[in-house]
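I opened this structure to look up a few local features. My notes follow in the order I took them.

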Amino acid sequence: SQPQVFGSRQVFTANYKNQKIRVTTSRFPELNYGNFVAISGDISNKDNRLLMYFPKIEVLKDKSFFGKSLKTINNLRQKLISLFSQALPSPSSSLLMGIIFGIKQQMPKDFAENLKTTGVFHVIAASGMNVTLIAGFISTLFAFFLKRQIAIALSILGIIFYAVLAGLQASIIRASIMGILVFSAQIMGRQTLAVNGLFLAGFLMLFLDPTLISDIGFQLSFVATAGILFIKPLFAKKDGLGSNVLTTIAVQIATLPILLSNFGTYSIYSVLVNGLVLWTVSILMAIGGIGALLGLILEPLGQLLIYLCYPLLIYFESIVQIFGKIGGVINVQSIPWQFIVGYYCLLTSILIIFKKK
């Protein structure tokens, strides 16, 4: 996985004999997704999680086209981090990078905790919204002067590029596969259902890596999308702030047992805070994304455009800080698996009944 930097440490996940190992090591040398490394050290088992602390790591040279491509994209990623850090103060710069690219580097620990406390930590995890906006922007842009099929094909390449740039997180991979399926269907002149795309994306990911079934990120990503597809339509259709609130409610209903069983906490203000801040995300993505592209060509102009996001970021941070201080977190010690199975059986029954009506 793309290493996450926390102060003087970096943490990443590596695969070993079809098992995931969480590795914690020093800040340097910098590691990136796609590096081939030789890791030697002791593996410990804590709560059925394999861990390694400060092992010996040797970065191996990779002269393949895949390795060189990843290195180029990672260099681009570092340039973007530098561009945002120079244009905005912390935590605004890290918040905007998280919203657009899912990059959580340089984010203050207290602000990250407030994001979790208020239930809006998901906005800094690159997701289906990001993929949809990126693909839509690229296809619309190229459709002005290229054939529709070529514009869609370039959109697919843009999705793949963005997925690698965002660190190939489970939510991004799932959303990217769904996006590629939809755009491919358009090229072939066929329509596809989002539901079919979701389940095909889940099948392909598990076919390539069966261990993902136990990955919390994959579970949340898949179930949250299913919640939007199946639960949200039960409510009255609304636009703007109302739509954001309904999306949040649908996602929370779908993911509640997973959140409680894995994290043991739930924010009672989550729906309210999401409704207050989610409307800013699409605006920040649009302005910040264009600013990032311009910054790679003409840095001062890109920084100026990124700086225009500052008022909305201040608003976002203020809401998070206010509700973060209030607290309102419910703690749950443990949840029996029978409750989780019963919850989803009941939820499925309700959905079937409403669909028949």
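I began with helix H3, residues 109–117, and looked up its buried residues: Phe111, Ala112, Asn114, Leu115 and Thr117. Just after H3, I found glycine 119 with a positive phi of about 75°. I note here that the model is predicted.

I found one of about 1200 Å², with Phe137, Phe144, Ile290, Leu294 and Leu304 among its residues. Helix H4 (128–143), helix H11 (279–297) and helix H12 (299–307) each give two or more residues to this patch. Which helix gives the most? H11 does, with 5 residues. I checked leucine 294, which lies in helix H11. Its relative accessible area is 30%, so I wrote it down as partly exposed.

Then I turned to the aromatic rings. I counted 6 aromatic pairs. For phenylalanine 339 and tyrosine 343, the ring centres are 6.2 Å apart and the planes are at 40°.

Residues three or four places apart in an α-helix point the same way, because the helix has 3.6 residues a turn. Phenylalanine 339 is partly exposed at 44% relative accessible area, and tyrosine 343 is also partly exposed, at 22%. Ring pairs link Phe339, Tyr343 and Tyr344 into a cluster.

Last, I looked up arginine 27. Its charged end sits over the ring of phenylalanine 28, 4.9 Å from the ring centre.

Technical notes
Residues are numbered from 1 along each chain as its sequence is written. This is a predicted model: local features need pLDDT of at least 70, side-chain atom pairs count only at pLDDT 80 or more; totals for chains, interfaces and linings use all residues. Side-chain values use heavy atoms; hydrogens and water are left out. Patches are made of residues with over 30% relative accessible area and no salt bridge: like charges are joined within 9 Å, nonpolar side chains (Val, Leu, Ile, Met, Phe, Trp, Tyr) within 5 Å. Accessible areas come from the Shrake-Rupley method with a 1.4 Å probe; for residues, only the protein chains shown count as cover. A salt bridge is a side-chain nitrogen of Lys or Arg within 4 Å of a carboxyl oxygen of Asp or Glu. Helices (H or I, at least four residues) and strands (E, at least two) are DSSP runs, numbered from the N terminus. Buried means under 20% relative accessible area, exposed over 50%, partly exposed in between (1.4 Å probe, protein chains only). Rings of Phe, Tyr and Trp (its six-membered ring) pair if their centres lie within 6.5 Å; planes under 30 degrees apart count as stacked, over 60 as edge-to-face and the rest as tilted. A charge sits over a ring if NZ of Lys or CZ of Arg is within 6 Å of the ring centre and within 35 degrees of the ring normal.
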